[in-house]
Amino acid sequence: MTLLKSKQPDFLSGEEISKLLGVSRTAIWKHIQSIKEDGYEIDSVSRQGYRLLSAPDRLYPQEVQDGLNTATFGQSVVYFDRISSTNEAAKELAAQGIPEGTVVIAEEQTGGKGRLGRHWASPHGQGVWLTLVLRPPIIPMDAPKLTIMAAVAVVRAIAQVSSITPGIKWPNDVLYQGRKLVGILTEMSAEMDTVNYAILGIGTNLNIPRESFPEELQNQATSLLIESGHKISRTRYVQSLLSNLEELYQLLLKGDFDTILDEWRRFSLTIGARVVVTGLNQTLEGLAVDIDETGALMVEDSSGKTIKVVAGDVTIRGTQGQY
Ligand code: BT5
């Protein structure tokens, strides 16, 4: 595949491939048939050889890795056409010891998960549903930093591959004009003072036409296709996302979370807004003043008291409605 790509748009003869790879012409022919079944369009002409005409819009490991400029993130990719949830699959693999930086990716999730058991709509081949496995040397209390870091990486990646710069709604939503483009679900396995592994699940609505969203999401969800009017290369987005994640993760491990926080604040839709925060057992209304160095949201209530919120759902009361 890589050979054909490097030769594109020219032909590569069976003889050349056979010499380069040290395999028989029959083996090459068989391999070409299986690549074609994966959706690659290959022209084969006698005496000229094989020529790659087009690659399918699939997030195959070789597509994600071709041109990926990371040291570890995405250097190992576990690919599924359809799976219940990439987070669930990643958890199992992480428990079995797969290395940090492994990415689990699926074209479709049948049981995509949001927080608190909510459902995440993940139609086939139109979004990017992936989970990154991390083994961070941090204490469990610092895990929210991973979500903060992921949100910044997502915004950067979207801005790099499209004409859109979305905003971040604390803690884990990336929105564009009040509608959700990306959801992040961080989960971990930890002891009292060490994290065994953390998994970062990121669902990005890339090329989803409005009608592919379930009815109940049509007003609250959006995609890059809807907002920008054209399709975005999913592989380019994954590569950009992984490269930004790796860069920010290195910063975090170096102890420079402040730089990440500053960038988060710049993209934040929450800071400075009037918010209603719904937590597990309380609802709080006030002004979101900042996030602190652990990633918690600081909300000033009507009495002027600042309250630290570590988890919950935020509704922003903006001038153009609530979201
Ligand atoms: C999230 O939860 O936003 C986290 C979503 C994480 C999804 C990724 S995909 C890869 C990985 N594997 C998984 O199984 N999950 C992760 P939360 O903040 O609880 O938001 C969930 C709510 O968002 C739902 O209750 C819906 O209202 C809405 N929603 C569901 N699907 C959506 C979509 N595709 N786009 C926008 N909003 C959606």
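User: Are α6 and α8 parallel or oblique to each other?

Analyst: This is a predicted model, in which local features need pLDDT of at least 70, side-chain atom pairs count only at pLDDT 80 or more, and totals for chains, interfaces and linings use all residues. Residues are numbered from 1 along each chain as its sequence is written, and side-chain values use heavy atoms, without hydrogens and water. Helix α6 (residues 144-161) packs with helix α8 (residues 234-253) at about 140 degrees, where angles run from 0 to 180 degrees between N-to-C directions of axes fitted to C-alpha atoms over the stretch in contact. Angles under 35 degrees count as roughly parallel, over 145 as roughly antiparallel, 65 to 115 as roughly perpendicular and the rest as oblique, so α6 and α8 are oblique.

User: Which side chain has an N or O atom 2.8 Å from an oxygen atom of the ligand?

Analyst: A polar contact is a pair of N or O atoms within 3.5 Å. R115 places a backbone N or O atom 2.9 Å from a ligand oxygen, and a polar side-chain atom of T86 lies 3.0 Å from a ligand nitrogen. The side chain with an N or O atom 2.8 Å from an oxygen atom of the ligand is that of Q220.

User: What is the omega of the cis peptide bond from W170 to P171?

Analyst: P171 sits in the loop between β6 (167-169) and β7 (173-176), strands being DSSP runs (E, at least two residues) and helices likewise (H or I, at least four), numbered from the N terminus. For the cis bond from W170 to P171, omega is near -5 degrees.

Key
Polar contact = N/O pair within 3.5 Å; in protein donor to acceptor, adjacent residues only side chain to side chain.
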